[in-house]
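This report walks through a structure for someone meeting it for the first time. Have the view open as you read.

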Amino acid sequence: MTVHSTSPQFKQNAARALNDHQLQKALGNVKQGFIDKRQMAADKLPEFEALRDAARDIKNHTLEHLDLYLESYEEKVKASGGHVHFARDAAEAREIILGICRETNAKTVTKGKSMISEEIGINHHLEANGITPVETDLGEYIIQLRNELPSHIIAPAVHLNATQVEEDFRRVHTHLDAKRDLSEPVQLLTEARAVLRERFLAADVGVTGANFLVAETGTSIIVTNEGNGDLTQILPKTHIVLASIEKLVPTLEDVSQLLRVLARSATGQEMSVYTTFSTGPRRSTDADGPENYHVVLIDNGRSSMLGTAFEEMLRCIRCGACMNHCPVYHAVGGHAYGWVYPGPMGAVLTPSLIGVDKAGHLPNASTFCGRCESVCPVRIPLPKLMRHWREREFERHLTPATVRSGLQLWGFFAKRPGLYRFATRAAMGALSFAGRQRGRFTWLPMAKGWTKYRDFPAPQGETFQQRWKRERSGRAA
Amino acid sequence: MSATPSSARPAHPRVGLFVTCLVDLMRPSVGFAAVKLLEDAGCVVDAPVQTCCGQPAYNSGDRGTTRDLAMRLIEAFQGYDYVVAPSGSCAGMIKAHYPELFEEDPNWRAKADALAGKTYELISFLVDVLGVTKVGAAFDGAVTYHDSCSGLRELGVKRQPRKLLASVEGLTLVEMKDSDVCCGFGGTFAVKYSDISGAIVEAKAKNIEETQAPTVLAGDLGCLMNMAGKLSRDGRSIQVRHVAEVLAGMTDEPPIGAAKAKAIK
Amino acid sequence: MSARDDIFANIRRSLGVNGTEKIRHQIVADRLERSPKGVIPKRGQVSGEERIALFKTMVETSLATVTEVSSAAEVPQSIALFLRNHNLPATLRMGDDPRLNAMPWSDTALEIAHGPSEGRDLNAVSHAFGGIAESGTLAMVSSADNPSTLNFLPDNHIIVVSAKDIAGDYESVWNRVRFAYGKGSMPRTVNWITGPSRSGDIEQTLLLGAHGPRRLHVVVVRD
């Protein structure tokens with residue numbers, strides 16, 4: 001485990017989130033913006049569904065040949081003058097990054113938004129070793145000031161309202177006039193731009209993630225709207241790319257297919273503002289750019305997912321559409337999930353990375369409404385994979401005892417139709433009799449979770465099979 | 001979804017009604033509404049002895065029990081031209097998930113595939129397979145319709161109920177905001193994660209109420225019980241019914257969660 | 001075992017391969033060699049005036065502005081006018097692009113600076129490698145001619161693109177990159193730019209000018 005996880009306390013996290021009025025207000029923004037924009041972008045491109053198929057196929061093909069594409073990629077990076085490092089796990093990755101920073105006597109490190117850097121917990125490690133990491137994506141900068149994890153993979157500060165950001169800026173930017181007006185979001189943006197511009201220009205090392213790595217050319221790709229990732233990687237002397245091994249794609253054509261679905265699925269844009277293809281360090285013909293270019297390829301559990309049902313999860317391109325469309329995410333936000341990756345993709349990926357014994361709630365906390373799968377640009381069957389986790393929990397006896405014994409009792413009757421009919425007839429008769437007056441129950445001993453929030457409708461009395469037998473059996477049998 | 005060409009379809013297809021646990025136990029009138037709709041459309045309907053499709057076990061990770069129940073159901077419904085359920089969720093279980101339960105057993109896989117191929121959700125069966133374009137029912141007033149998730153996303157049930165509702169005399173359909181968003185039921189989810197489920201159904205209840213329609217319909221009893229329970233808990237007098245009851249003109253029974261004696265209304 | 005060897009061994013174990021299978025090597029080599037195209041949206045598959053019109057529409061959709069001049073000689077005047085219309089100072093930074101250098105900047109009162117930006121410039125101009133009509137995207141390649149810093153540090157970025165370099169789709173631009181740099185090779189940086197910098201990180205409100213240019217202006221040169 002790398003970053004501390006509160007996933008085992010999912011239920012408590014969720015209850016707290018549901019009562020957090022600031023959070024509930026902020027979550028309204030997720031429900032409104034992303035969904036309509038994605039739909040409009042998809043509707044405007046007749047080939048969108050075909051592109052989703054193509055995107056899925058490209059990722060599947062790459063994963064099936066991952067060893068060979070990695071070799072090709074590594075060779076190309078070296079040929080372009082860059083360095084490739086391999087890290088088995090988070091700890092190895094942190095040491096490699098720290099080592100590169102020390103080689104260059106780095107004091108400050110600017111960072112582009114990167115989920116893998118959250119996964120390996122690099123910021124705390126750098127701080128502990130006297131190096132200052134500065135998040136430069138506006139959302140990441142805000143949550144760094146608050147010492148929080150991102151609550152969304154593309155909108156890290158989506159759980160916050162502008163007034164909360166204002167408070168943080170006033171608390172931290174003490175060199176600025178205390179009486180300045182920060183009542184408008186644009187004023188907050190302008191202030192962050194000015195503060196971070198100085199940080200960009202002073203940084204010794206820039207660390208970015210990678211949306212994709214191209215085997216054909218040894219290229220790393222970042223996709224941003226702010227331009228912070230580019231300032232992170234072209235201004236300092238050293239650029240470090242952090243990427244998990246499944247980011248690979250074969251060719252520039254393949255990556256173009258994936259880019260056509262990425263922004264549309266994420267923000268509903270035709271294309272994000274900045275898509276940057278970086279290959280090696282500054283050339284003799286360049287006037288700017290980093291002198292050193294390092295890529296840290298991180299496994300951290302991915303290679304063991306290959307060849308299993310969860311290989312499909314490695315197609316994920318981190319667009320965030322699944323969480324944007326998830327009713328559970330809408331209700332509780334990202335922090336309730338308790339680790340780096342929230343929403344449906346987190347519910348599948350987190351158990352793979354930190355263990356289903358710790359993250360067991362996540363694949364269970366889904367209604368299986370299927371909306372995530374219906375919008376996934378690489379067609380990951382997220383509900384099916386969550387169900388696979390539930391099966392593993394069941395096999396390993398991690399399913400709660402009450403659920404297990406309830407299922408056993410119900411299964412016992414359901415496998416014995418005669419007994420089932422007899423028992424249900426008796427039970428429904430009694431339940432109907434008890435609830436007849438009002439037509440519903442406000443409290444039932446067996447379903448307290450249900451009746452905490454809603455009534456339980458009373459049954460009509462006779463079962464269908466009872467009545468059918470009475471009215472029709474002579475005729476139909 | 002495949003529709004059998006009319007030439008290949010018998011004039012009076014034998015339909016096995018998979019009534020589903022919830023309808024069987026909680027609201028048999030939905031089953032009889034389904035029978036009426038199917039018989040009106042020329043089907044010969046039978047309801048063999050049955051229990052459950054196994055979905056609760058399946059979604060709880062208990063594949064063994066699920067397979068046992070699936071095998072019983074496959075055998076019980078072998079002899080029919082079609083199998084029809086008044087539920088997108090249970091029909092979806094058979095159609096979309098039974099085959100993968102038997103990936104390593106070609107014999108049962110073939111049987112599961114055969115069953116999956118002839119199983120339909122009630123309303124889409126009427127429209128897509130039987131070509132029903134209108135029903136003879138009347139219903140006075142405005143209704144709003146909730147798209148239950150499995151029917152919508154696993155089986156493509158969306159326009160079919162709207163098409164038939166449009167033919168009901170006196171009925172107007174008022175669409176709610178986010179009709180295609182989950183109501184928060186999710187089977188055991190509603191009990192296991194009741195806080196979250198409660199929050200999701202609260203949003204659904206709000207969207208229903210905003211339409212000002214006095215009646216809400218859907219095609220799955222689980223969702224209906226969830227929405228009815230929430231609306232009655234909040235003291236809202238919105239009536240909740242299965243869409244089949246309205247399409248069959250069988251609305252004599254009190255709405256879901258409403259008192260039996262009409263005087264109390 | 002080194003981390004590298006360990007990771008490769010684990011990947012191969014999981015995939016059930018040993019890495020020496022001829023057929024897998026062949027499949028991979030073939031894909032890298034042929035770089036097959038996938039689904040190309042019809043939208044961009046238009047030519048001539050229609051393509052340029054699509055490009056301009058899409059540039060505007062990305063919240064950039066676009067203008068057209070009939071020859072390279074008109075570019076300086078057009079840029080001077082753009083700066084004046086937006087009440088911007090008559091200063092401009094550029095690299096050493098021969099196409100930009102050949103333009104008659106002395107016809108204007110613009111104060112021209114050359115070389116990469118150090119972060120204090122208000123206005124800069126770059127010459128694009130090409131444009132992509134499908135999404136209104138500008139493709140920039142890095143070099144002393146067009147330093148990457150000019151794409152990101154100034155408040156107002158002006159990009160000159162030749163009408164003949166506007167392609168329908170991304171794949172056509174990659175073909176030109178391969179022709180210019182060799183198959184399997186790339187310039188250090190290729191920037192695709194689609195509109196001015198923006199952020200939605202505060203309450204999902206779209207705000208322009210996050211860290212990069214607040215304004216992006218495109219000048220299409222007919223020649």
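## The model and its numbering

This is a predicted model: local features need pLDDT of at least 70, side-chain atom pairs count only at pLDDT 80 or more, and totals for chains, interfaces and linings use all residues. Residues are numbered from 1 along each chain as its sequence is written, while chains are lettered from A and ligands numbered from 1 in the order in which they are written.

## Chain A

Chain A has 24 helices and 12 strands. Both are DSSP runs numbered from the N terminus: helices are H or I with at least four residues, strands are E with at least two. The C-alpha trace of chain A spans about 90 × 60 × 45 Å along its principal axes.

Chain A holds 477 residues, and 59% of them count as buried. A residue is buried if 20 or more other C-beta atoms lie within 10 Å of its own, exposed if 12 or fewer, and partly exposed in between; C-beta atoms are placed from the backbone. Contacts also reach along the sequence. Of those in chain A with a separation of 6 or more, 75% join residues 24 or more positions apart. Two residues are in contact if their C-beta atoms, placed from the backbone, lie within 7 Å.

## How the chains meet

Chains B and C have no contact. Their closest C-alpha atoms lie 20 Å apart.

An open sheet of 8 strands runs in the order 8(A)-5(A)-6(A)-9(A)-9(C)-6(C)-5(C)-8(C), with mixed pairing. Strand 8 (248-249) of chain A and strand 8 (166-167) of chain C stand at the edges with a single partner strand each, so one side of each has no neighbour in the sheet. Two strands pair if DSSP finds at least two bridges between them.

Strand 9 (residues 274-278) of chain A and strand 9 (residues 189-193) of chain C run antiparallel, joined by 5 bridges. There, A:Thr276 stands opposite C:Asn191.

## A helix pair in chain A

Helix 9 (residues 162-172) of chain A packs against helix 10 of chain A at about 35 degrees, with the axes 10 Å apart. Axes are lines fitted to C-alpha atoms, for helices over the stretch in contact, and angles run from 0 to 180 degrees between N-to-C directions.

From helix 9 come A:Ala162, A:Val165, A:Glu166 and A:Phe169; they meet A:Pro185, A:Leu188 and A:Glu191 in helix 10. This contact has 5 nonpolar, no polar and 2 charged residues.

## Domains in chains B and C

Chain B is assigned domain 1 (12-128) and domain 2 (133-264). Domain bounds come from an automatic or database domain assignment. The C-alpha centres of these two domains of chain B are 22 Å apart. Contacts link 30 residues of domain 1 of chain B to 26 residues of domain 2. Helix 2 of chain B gives the most to the domain 1 side, 7 residues.

Chain C divides into domain 1 (1-36) and domain 2 (41-221). Their C-alpha centres lie 40 Å apart.

Notes: Nonpolar A, V, L, I, M, F, W, Y, C, P; charged D, E, K, R; others polar.
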